[in-house]
Structures are given as C-alpha cells and as structure tokens.
Amino acid sequence: MARPWGAAPLAAIAEKHDRTVLELAIGWLSAQPGCASVIAGATSAEQVRANAAAGERPLDAELLAEIEAVAPGVTA
C-alpha cells in the first residue's frame, strides 16, 4: 500500500534533531500507548547496538508531534 508521505520528511526531522530515522522509528513506536517493547530485527552486531542505543533516547512530545505531522494517519 502506498503511503501519502515518503522517507525524506522523516530524514529531515532526524537530521534536525541529530537523530537517525531508526531512532525516530523506535522512539515513536515505544511512545505509543500500550507498547511494552519494540522488537527490531538485526543481521549484525552493529545493528543490535544501534537498535539498543535508539531505545535509550526517548522522544519528547514536540518531536513526536513533528513525526506525526509528516506521517498523517499512521497509527500503531
């Protein structure tokens, strides 16, 4: 299913906040009501480290609102 938005706006938000798109994704998912954990696959030790590090930097309300503004209609 095609989305009405692309990755470029999320990449711009990530850059603006000195984050990665991975950090935005894991942070947004973990901020959703009822989310007990985020399971992300990895194929290398570096990916495991990046996934774990992303979970250590929660997103604040302002950043969550920016993400939701460029990805309307996305729900957990």
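In the predicted model, residue A71 lies in the segment that follows helix 4, which spans residues 61–70. A71 has a relative accessible area of 9%. Because this value falls under 20%, A71 is classed as buried. Along the chain, A71 and A7 are 64 residues apart, yet their C-alpha atoms are separated by 9.5 Å.

The protein chain as a whole contains four helices and zero strands. Read along the sequence, its elements give the pattern α-α-α-α. Of the 76 residues in the protein chain, 24% are buried. The accessible surface of the chain amounts to about 5,200 Å², and carbon and sulfur atoms account for 60% of this area. When contacts between residues at least 6 apart in sequence are considered, 73% of them join residues at least 24 apart.

Helix 2 comprises residues 21–30, and its buried residues are E23, L24, I26, G27 and W28. These buried residues pack against three other elements, namely helix 1 (7–16), helix 3 (45–54) and helix 4.

In general, two packed helices are described by the angle between their axes and the distance between the axes. For helix 2 and helix 4, the angle is about 105° and the axes are 11 Å apart. An angle from 65 to 115 degrees counts as roughly perpendicular, and helix 2 and helix 4 are therefore roughly perpendicular to each other. The residues that meet are L24, G27 and W28 from helix 2 and L63, L64, I67 and E68 from helix 4. Sorted by class, this contact of helix 2 with helix 4 includes five nonpolar residues, one polar residue and one charged residue.

Several of these residues also belong to the largest nonpolar core, which has nine residues: L10, I13, A14, L24, W28, L59, L63, L64 and I67. At least two residues of this core are supplied by each of helix 1, helix 2 and helix 4. One of the core residues is I67. When its neighbours within four places in sequence are left aside, I67 is in contact with L10, I13, L24, W28 and L59.

Definitions and conventions. Residues are numbered from 1 along each chain as its sequence is written. This is a predicted model: local features need pLDDT of at least 70, side-chain atom pairs count only at pLDDT 80 or more; totals for chains, interfaces and linings use all residues. Side-chain values use heavy atoms; hydrogens and water are left out. Buried means under 20% relative accessible area, exposed over 50%, partly exposed in between (1.4 Å probe, protein chains only). Contact means heavy atoms within 4.5 Å. A nonpolar core is a set of buried Ala, Val, Leu, Ile, Met, Phe, Trp, Tyr and Cys residues joined through side-chain atoms within 4.5 Å. Accessible areas come from the Shrake-Rupley method with a 1.4 Å probe; for residues, only the protein chains shown count as cover. Axes are lines fitted to C-alpha atoms, for helices over the stretch in contact, and angles run from 0 to 180 degrees between N-to-C directions. Angles under 35 degrees count as roughly parallel, over 145 as roughly antiparallel, 65 to 115 as roughly perpendicular and the rest as oblique. Ala, Val, Leu, Ile, Met, Phe, Trp, Tyr, Cys and Pro count as nonpolar, Asp, Glu, Lys and Arg as charged, and the others, Gly among them, as polar.
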